[in-house]
Amino acid sequence: AAREPDRLAFMMLATGESVSVGALEARANQGAHVIRSHGVREGDHIAVLMENRREFLEICFAADRAGIYYTTISTHLSADEVDYIVRDCGAQLVIVSETYAPLVGDLPAGCQMLVLGTSWDEAAAAMPTTPVPDERQGLDMLYSSGTTGRPKGIKWPLTGDAPGGHTMLIDLLTSLFGYDYDTRYLCPAPLYHAAPLRHPMVTIKMGGAVFIMDKFDARGALQAIEVERITHSQWVPTMFVRMLRLPDDERAAFDVSSMTMAVHAAAPCPVDVKRQMIAWWGEIVHEYYSGTENNGFTALGTAEWLEHPGSVGLPKLGTLHICGEDGEELPAGAEGEIYFENGHQFAYHNDPAKTAECTNARGWTTLGDIGRVDEDGYLYLTARKSFLIISGGVNIYPQETEDVLLSHPLVLDAAVFGAPNADFGEEVKAGVQLVPSAVVSPALEAQLIAHCRARLSVIKCQRSVEFRADLPRSPTGKLYKRKLRDEYWARNSSA
């Protein structure tokens, strides 16, 4: 900021607003002063609730240098869910946009609210643009997506260091994905999620520029790559599917040759979908597996993936272990729960029981995912433990079936879950979202069932299909399968 104040830090693509590093420095300092003026001190907590907009990153950078925890809240939550997070994280200050202010109800004692466009703007404008005298490195404390229950706050220990130095995230992400001074990074996802927040902040800290969409759409993303000469981008598999479903001539019309790194994560990517992306974008597609917890991290590039198709990579943070139900480590090829040893330290806020539950006797931690490693040590994901279908005593992991369904040209999205069955306890059920041109019919349902049976054993295939206008996914691609499953079971148990 001192050397090149006019250099671009980030741009909001929907509005065209550009923020220079000099402006970001000034506004982050003003924000830190506002935070201090409301009694928030080192180690305290604030919450942020807003759509993708200019002030979002400015406020996060302010918190990042005030030595505090900041929780960014999903705009897709209900008022009750927002209230739960505000109270659970112990926020002393809630900063919210006018659009989402109605979601914030009665605040707990000691908590205040500032609204963009009014009270926040007035408070920030009155503050100096120089740093607060007691600057310290802050941290995000983000909440899990709540796919298996109430969301959990994921807390890392504060370092007490001065801001602006190397952190675990900076070292990890720059070494793997090359975020640097020349990076032009496209963020097509909501900033309130872990990767869409952390990767842009690391890019800006390394001197790169970030281009932020207000929300993802396939054509808009491809246009942004061409117009802004994007070099780095991050995606989830559902975004890949939507871009691939565009007409061939339309996809070919966009110039994506500026990209040198396309990263994807958040959900398993069907092998066929990834092969199509590599054929289209070239050998620039990189993948990683981790969680908001960052208790471990695996990654691999295109060449490695082509030799180990379906893998999510080798360990880059922590030592990888696959364990059986008895807690013992399993050999290569055997499926079990994924654990990491010596990963990043974390705890679930206000939930020591949950923290203990994900930690085994050796001190290794798990996110509840099931997978296996091959003879070369590459990790393959099978499913979330909580998504397991047990039919007649047989364990069925739905990811494989979902991947096969997504390979059908008329399927835009798919979710496979266990439905009630009087004889077997559960049977395999598929929820399917079709491409706009497709027409729902019994014949199409039979076609999709036959499509799966031609590629998988019958036990893994859906017995029936429920066609839906859309499936419950977060904007970052996480499938809220529990909501779909619970809705279906409730509907059928009351029928």
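The model is predicted, so local features need pLDDT of at least 70 and side-chain atom pairs count only at pLDDT 80 or more, while totals for chains, interfaces and linings use all residues. Residues are numbered from 1 along each chain as its sequence is written, and side-chain values use heavy atoms, leaving out hydrogens and water.

**Exercise 1. Find out whether helix 1 is enclosed, and how far it reaches.**

Step 1: Helices (H or I, at least four residues) and strands (E, at least two) are DSSP runs, numbered from the N terminus. Helix 1 covers residues 21–37, 17 residues in total.

Step 2: From first C-alpha to last, helix 1 reaches 24 Å, close to the 24 Å expected at 1.5 Å a residue. That expected span is 1.5 Å times one less than the number of residues.

Step 3: Now look at burial (buried is under 20% relative accessible area, exposed over 50%, partly exposed in between, with a 1.4 Å probe and protein chains only). Twelve of the 17 residues are buried, so helix 1 is largely enclosed by the rest of the structure. Among them are Val21, Leu24 and Ile35.

Step 4: After helix 1 comes Gly39, with a positive phi near 80 degrees.

**Exercise 2. Work out which strands stand at the edges of the five-stranded open sheet.**

Step 1: Two strands pair if DSSP finds at least two bridges between them. The strand order is 6-5-3-4-7, with parallel pairing.

Step 2: Strand 6 (112–115) and strand 7 (139–140) each have a single partner strand, so they stand at the edges and one side of each lacks a neighbour in the sheet.

Step 3: His45 has Tyr69 as its bridge partner in strand 4.

**Exercise 3. Describe the surroundings of Arg54.**

Step 1: Arg54 lies in helix 2 (residues 54–64) and is buried, at 19% relative accessible area.

Step 2: Its side chain makes a polar contact of 2.7 Å with that of Glu58. Such a contact is a pair of N or O atoms within 3.5 Å; within protein, one must be able to donate a hydrogen and the other to accept it, and residues adjacent in sequence count only if both atoms are side-chain atoms.

Step 3: Leaving aside neighbours within four places in sequence, Arg54 is in contact (heavy atoms within 4.5 Å) with Phe10, Met12, Glu17, Val19 and Arg27.

**Exercise 4. Locate Glu337 and its polar partner.**

Step 1: Glu337 sits in strand 17 (residues 336–341), and counts as buried at 14% relative accessibility.

Step 2: A 3.3 Å polar contact links the side chains of Glu337 and Thr366.
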